[in-house]
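Please read it alongside the sequence and structure shown here.

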Amino acid sequence: MLTPTLLRWVATCTLLISASLVVADETKMSADSEAGKLRSVVCIGCHGLNGEGKEAVNGQPAFPRLAGQLQSYLNKSIHDYKNDSRNDPMMGAIAKGLSDIDIVNLATYYSNLK
(Lines give C-alpha, C1' and ligand atoms only; values in the text may rest on other atoms or scores of the structure.)
Protein backbone atom coordinates (compact mmCIF):
# COMPACT_ATOMS: atom_id res chain seq x y z
CA MET A 1 0.00 0.00 0.00
CA LEU A 2 1.27 3.43 -0.92
CA THR A 3 1.45 5.90 1.92
CA PRO A 4 0.77 9.57 1.14
CA THR A 5 4.49 10.35 1.56
CA LEU A 6 5.55 7.55 -0.78
CA LEU A 7 2.88 8.56 -3.28
CA ARG A 8 4.14 12.18 -3.28
CA TRP A 9 7.72 10.92 -3.70
CA VAL A 10 6.74 8.75 -6.71
CA ALA A 11 4.76 11.62 -8.25
CA THR A 12 7.67 14.03 -7.77
CA CYS A 13 10.17 11.60 -9.34
CA THR A 14 7.85 11.00 -12.27
CA LEU A 15 7.45 14.73 -12.82
CA LEU A 16 11.21 15.35 -12.64
CA ILE A 17 11.98 12.54 -15.08
CA SER A 18 9.32 13.80 -17.51
CA ALA A 19 10.66 17.35 -17.31
CA SER A 20 14.22 16.22 -17.95
CA LEU A 21 13.11 14.27 -21.03
CA VAL A 22 11.35 17.34 -22.41
CA VAL A 23 14.48 19.46 -21.86
CA ALA A 24 16.63 16.81 -23.56
CA ASP A 25 14.26 16.72 -26.54
CA GLU A 26 14.29 20.51 -26.83
CA THR A 27 18.10 20.52 -26.81
CA LYS A 28 18.17 17.91 -29.57
CA MET A 29 15.63 19.81 -31.65
CA SER A 30 17.51 23.08 -31.28
CA ALA A 31 20.86 21.56 -32.33
CA ASP A 32 21.97 23.12 -35.60
CA SER A 33 24.71 21.24 -37.44
CA GLU A 34 25.17 24.07 -39.97
CA ALA A 35 25.70 26.57 -37.16
CA GLY A 36 28.20 24.11 -35.67
CA LYS A 37 30.03 23.95 -39.00
CA LEU A 38 30.32 27.74 -39.09
CA ARG A 39 31.55 27.81 -35.48
CA SER A 40 34.08 25.02 -36.17
CA VAL A 41 36.44 27.46 -37.92
CA VAL A 42 38.26 27.90 -34.61
CA CYS A 43 38.77 24.09 -34.35
CA ILE A 44 40.26 23.51 -37.81
CA GLY A 45 43.83 24.57 -36.99
CA CYS A 46 44.27 21.76 -34.48
CA HIS A 47 41.63 19.15 -35.30
CA GLY A 48 41.74 19.38 -39.10
CA LEU A 49 39.38 20.64 -41.78
CA ASN A 50 36.97 17.74 -41.29
CA GLY A 51 37.66 16.94 -37.65
CA GLU A 52 40.03 14.14 -38.66
CA GLY A 53 42.57 15.00 -35.95
CA LYS A 54 46.33 15.25 -36.30
CA GLU A 55 49.13 12.87 -35.40
CA ALA A 56 52.03 14.07 -33.25
CA VAL A 57 54.94 15.14 -35.49
CA ASN A 58 58.40 16.48 -34.60
CA GLY A 59 57.56 17.19 -30.98
CA GLN A 60 54.21 18.76 -31.85
CA PRO A 61 51.22 17.52 -29.86
CA ALA A 62 48.62 15.17 -31.29
CA PHE A 63 45.06 16.44 -31.64
CA PRO A 64 42.20 13.95 -31.32
CA ARG A 65 39.72 13.07 -34.02
CA LEU A 66 36.37 14.79 -33.50
CA ALA A 67 34.55 13.47 -36.57
CA GLY A 68 32.17 10.65 -35.75
CA GLN A 69 32.52 10.92 -31.97
CA LEU A 70 29.36 10.61 -29.91
CA GLN A 71 27.53 13.91 -29.60
CA SER A 72 27.15 13.41 -25.84
CA TYR A 73 30.90 12.78 -25.44
CA LEU A 74 31.85 15.90 -27.40
CA ASN A 75 29.29 17.99 -25.54
CA LYS A 76 30.58 16.81 -22.15
CA SER A 77 34.22 17.20 -23.14
CA ILE A 78 33.79 20.79 -24.30
CA HIS A 79 31.81 21.64 -21.17
CA ASP A 80 34.54 20.04 -19.05
CA TYR A 81 37.13 22.31 -20.68
CA LYS A 82 34.83 25.29 -20.21
CA ASN A 83 34.40 24.68 -16.47
CA ASP A 84 38.04 23.59 -15.93
CA SER A 85 37.20 19.95 -15.12
CA ARG A 86 39.61 19.11 -17.95
CA ASN A 87 42.74 21.18 -18.21
CA ASP A 88 44.29 22.36 -21.44
CA PRO A 89 45.12 26.06 -21.83
CA MET A 90 44.11 26.28 -25.50
CA MET A 91 40.91 24.24 -25.21
CA GLY A 92 39.95 25.99 -21.98
CA ALA A 93 40.30 29.41 -23.58
CA ILE A 94 38.32 28.36 -26.65
CA ALA A 95 35.59 26.59 -24.66
CA LYS A 96 35.09 29.56 -22.36
CA GLY A 97 34.16 31.62 -25.41
CA LEU A 98 31.39 29.21 -26.43
CA SER A 99 27.77 29.44 -25.35
CA ASP A 100 25.87 26.28 -24.40
CA ILE A 101 24.11 26.29 -27.78
CA ASP A 102 27.47 26.75 -29.57
CA ILE A 103 28.69 23.62 -27.78
CA VAL A 104 25.57 21.63 -28.72
CA ASN A 105 25.90 22.77 -32.33
CA LEU A 106 29.60 21.90 -32.53
CA ALA A 107 29.06 18.50 -30.93
CA THR A 108 26.21 17.80 -33.34
CA TYR A 109 28.24 18.89 -36.35
CA TYR A 110 31.29 16.78 -35.50
CA SER A 111 29.24 13.75 -34.46
CA ASN A 112 27.58 13.75 -37.89
CA LEU A 113 30.91 13.68 -39.76
CA LYS A 114 32.46 10.38 -40.82
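## Helix packing

Axes are lines fitted to C-alpha atoms, for helices over the stretch in contact, and angles run from 0 to 180 degrees between N-to-C directions. In this predicted model, helix α4 packs against helix α5 (residues 89-96) at an angle of about 100°. The axes of α4 and α5 are 7 Å apart. Angles of 65 to 115 degrees count as roughly perpendicular, and α4 and α5 are therefore roughly perpendicular to each other.

On the α4 side, the residues that meet α5 are Ile78, Tyr81 and Lys82. Their partners in α5 are Met91, Gly92, Ala95 and Lys96. Sorted by class, the contact of α4 with α5 comprises 4 nonpolar, 1 polar and 2 charged residues.

## Overall fold

The protein has 6 helices and 0 strands. Along the sequence, the pattern reads α-α-α-α-α-α. Of the 114 residues in the protein, 25% are buried.

Contacts between residues at least 6 apart in sequence can be split by their separation. Of these, 55% join residues at least 24 apart.

## Salt bridges

The whole structure contains 4 salt bridges. One of them pairs aspartate 102 with arginine 39, with the closest N and O atoms 3.3 Å apart. Aspartate 102 belongs to helix α6 (residues 100-112) and arginine 39 to helix α2 (residues 33-39), so this pair ties together parts that are 63 residues apart in sequence. Aspartate 102 has a relative accessibility of 18% and counts as buried, because the limit for buried is under 20%. Arginine 39, at 30% relative accessibility, counts as partly exposed.

Another salt bridge joins the side chains of lysine 76 and aspartate 80, at 2.7 Å from N to O. Both residues lie in helix α4 (residues 71-82), where lysine 76 and aspartate 80 are 4 residues apart, about one turn of the helix. Lysine 76 is exposed, with a relative accessible area of 51%, whereas aspartate 80 is buried, with a relative accessible area of 14%. The side chains of aspartate 100 and lysine 82 also meet in a salt bridge, at 4.0 Å from N to O. Here aspartate 100 lies in helix α6 and lysine 82 in helix α4, so the pair ties together parts that are 18 residues apart in sequence. Aspartate 100 is partly exposed, with a relative accessible area of 48%, and lysine 82 is partly exposed as well, with a relative accessible area of 24%. Lysine 82 is also one of the α4 residues that meet α5.

## Serine 111

Serine 111 is part of helix α6. With a relative accessibility of 19%, serine 111 counts as buried. The side chain of serine 111 reaches the backbone oxygen of threonine 108 at a distance of 2.9 Å.

Setting aside residues up to four places away in sequence, serine 111 touches Gly68, Gln69, Leu70, Gln71 and Leu74.

## Histidine 47

Helix α3 (residues 41-47) contains histidine 47. Its relative accessibility is 9%, and histidine 47 counts as buried. Apart from neighbours within four places in sequence, histidine 47 is in contact with Glu52, Gly53, Phe63, Pro64, Leu66 and Met91. Among these, Met91 is also one of the α5 residues that meet α4.

Histidine 47 and arginine 65 are 18 residues apart in sequence. In space, the C-alpha atoms of histidine 47 and arginine 65 are 6.5 Å apart.

## Aspartate 84

Most residues other than glycine have a negative phi. Aspartate 84 has a phi near 65°, a positive value in a residue other than glycine.

Aspartate 84 is located in the loop between α4 and α5. With a relative accessible area of 53%, aspartate 84 is exposed.

How values were computed:
Residues are numbered from 1 along each chain as its sequence is written. This is a predicted model: local features need pLDDT of at least 70, side-chain atom pairs count only at pLDDT 80 or more; totals for chains, interfaces and linings use all residues. Side-chain values use heavy atoms; hydrogens and water are left out. Helices (H or I, at least four residues) and strands (E, at least two) are DSSP runs, numbered from the N terminus. Buried means under 20% relative accessible area, exposed over 50%, partly exposed in between (1.4 Å probe, protein chains only). A polar contact is a pair of N or O atoms within 3.5 Å; within protein, one must be able to donate a hydrogen and the other to accept it, and residues adjacent in sequence count only if both atoms are side-chain atoms. Contact means heavy atoms within 4.5 Å. Angles under 35 degrees count as roughly parallel, over 145 as roughly antiparallel, 65 to 115 as roughly perpendicular and the rest as oblique. Ala, Val, Leu, Ile, Met, Phe, Trp, Tyr, Cys and Pro count as nonpolar, Asp, Glu, Lys and Arg as charged, and the others, Gly among them, as polar.
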